[in-house]
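Let's take a friendly walk through a protein model.

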Amino acid sequence: MLGIIPAAGRGSRIQPLGFSKELLPVGSRMDGQTERPCAVSEYLVRRMVRNGVDKICFVIGSGKSDILEYYAAGYEGAAAIFVTQPSPVGLCDAIFRAAPLVAPDETVLVGLPDTIWFPEDGFCHLPDDQLSFLLFPVEQPELFDAVVLDQDGRVKEIQVKQRGAASNWIWGAFKMPGDIFHQLAALWRQRDGRDEYFGTLVNAYLAAGGQASAAKAGSAYVDVGTFNGYRTALRLLENNETPDEEAMLMVLPQGRSGIPSFPGEGG
């Protein structure tokens with residue numbers, strides 16, 4: 001099972017930082033008896049591993065070697081693979097960079113590394129044999145990709161950052177079998193790679209006879225790519241700790257942060 005994490009974006013909304021936005025410390029974790037900062041992307045990685053992912057592909061851009069250093073040894077038994085995206089030209093371009101790694105019979109999970117969401121087992125609510133989206137309720141769906149469903153829970157349309165969105169449920173992650181991944185990649189190429197957003201590509205896929213489902217299983221979702229989102233994430237973690245999460249996290253008080261610690265670095 002393969003997890004794909006697009007991590008080539010510049011993170012302009014929360015810059016300047018001295019490191020990649022995916023390594024922004026949010027909370028902390030225990031490394032043996034030592035407390036260390038927890039990078040925001042670790043929350044997604046942990047959720048993928050919980051669903052059974054044994055390989056994680058990070059799609060990184062130039063100047064993001066710190067992500068490679070941070071995850072070079074893998075994570076909780078899952079091997080790390082790194083693919084480059086020369087220019088950050090959209091989510092579709094990023095995830096399809098991983099196409100050579102995807103076997104047709106392999107399950108693929110995709111999420112965004114600067115988000116934190118609950119429940120922690122959210123991926124487990126999605127089937128492995130079809131394109132499926134994990135949905136979260138938000139107050140401002142026009143800032144995200146709103147997912148419109150029919151009465152049977154099938155996806156009718158994805159409204160990409162659309163004012164007056166018809167649904168307040170947005171996708172936060174998705175899963176699909178490898179053969180559908182390759183169908184979507186082929187469709188994207190047929191459309192001359194013009195789809196920057198995954199939602200517009202999915203709409204074309206649905207119009208061509210494809211199907212997708214969704215699960216309204218998400219309870220909380222935060223984009224940590226802004227300072228307001230960062231503060232909200234700290235509060236979210238304080239309110240959503242579970243025994244499993246507590247074993248990994250001890251949330252830092254608001255206003256405090258650190259810098260990521262890389263293997264071999266002290267303190």
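Predicted model: local features only at pLDDT ≥ 70, side-chain atom pairs only at ≥ 80, totals over all residues.

A search of the whole structure turns up 15 aromatic pairs. One of them joins Phe58 and Tyr71: the ring centres are 4.6 Å apart and the planes meet at 25°, so this pair is stacked, the cut-off being under 30 degrees. Phe58 belongs to strand β4 (residues 55-60) while Tyr71 belongs to helix α2 (residues 65-71), so their pairing ties together parts that are 13 residues apart in sequence. Both Phe58 and Tyr71 are buried.

Phe58 has another ring partner, Phe82. Here the centres lie 5.5 Å apart with the planes at 20°, so this pair is stacked as well. Phe82 sits in strand β5 (residues 79-84) and Phe58 in strand β4, so the pair ties together parts that are 24 residues apart in sequence. The two pairs can be set out like this:

| Pair | Distance between ring centres | Angle between planes |
|---|---|---|
| Phe58 and Tyr71 | 4.6 Å | 25° |
| Phe58 and Phe82 | 5.5 Å | 20° |

Nine of the 10 residues of α1 (residues 41-50) are buried, so the helix is largely enclosed by the rest of the structure. Which rings does Arg47 lie over? The charged end of Arg47 sits over the ring of Trp117, 5.5 Å from its centre. Arg47 also lies over the face of Phe118, at 5.1 Å from the ring centre. Just after α1, Gly52 takes a positive phi of about 110°.

Strand β2 (residues 25-31) and strand β3 (residues 34-39) pair in the antiparallel sense over five bridges. Within this pairing, Pro25 has Ala39 in β3 as its bridge partner.

Now for a loop residue. Gln85 lies in the loop between β5 and α3 (91-96). At 4% relative accessibility, Gln85 counts as buried. What does the side chain of Gln85 reach? The side chain reaches the backbone oxygen of Gly90 at 3.4 Å. Leaving aside neighbours within four places in sequence, Gln85 is in contact with several residues, including Ala8, Val59, Ile60, Asp93 and Arg97.

Finally, let's step back to the whole protein. It has seven helices and 13 strands. Buried residues make up 56% of its 267 residues. Among contacts with a separation of 6 or more, 72% involve residues 24 or more positions apart. The accessible surface comes to about 11,800 Å², and 48% of that belongs to carbon and sulfur atoms.

Technical notes
Residues numbered from 1 in each chain as written. Heavy atoms only, no water. Buried < 20%, exposed > 50% of the residue type's maximum accessible area, 1.4 Å probe, protein only. Helix = DSSP H or I, 4+ residues; strand = E, 2+ residues; numbered from the N terminus. Phe/Tyr/Trp six-rings, centres within 6.5 Å; stacked < 30°, edge-to-face > 60°. Lys NZ or Arg CZ within 6 Å of the ring centre and 35° of its normal. Polar contact = N/O pair within 3.5 Å; in protein donor to acceptor, adjacent residues only side chain to side chain. Contact = heavy atoms within 4.5 Å. Pairing = 2+ DSSP bridges. Areas by Shrake-Rupley, 256 points an atom, 1.4 Å probe, with all protein chains shown as cover.
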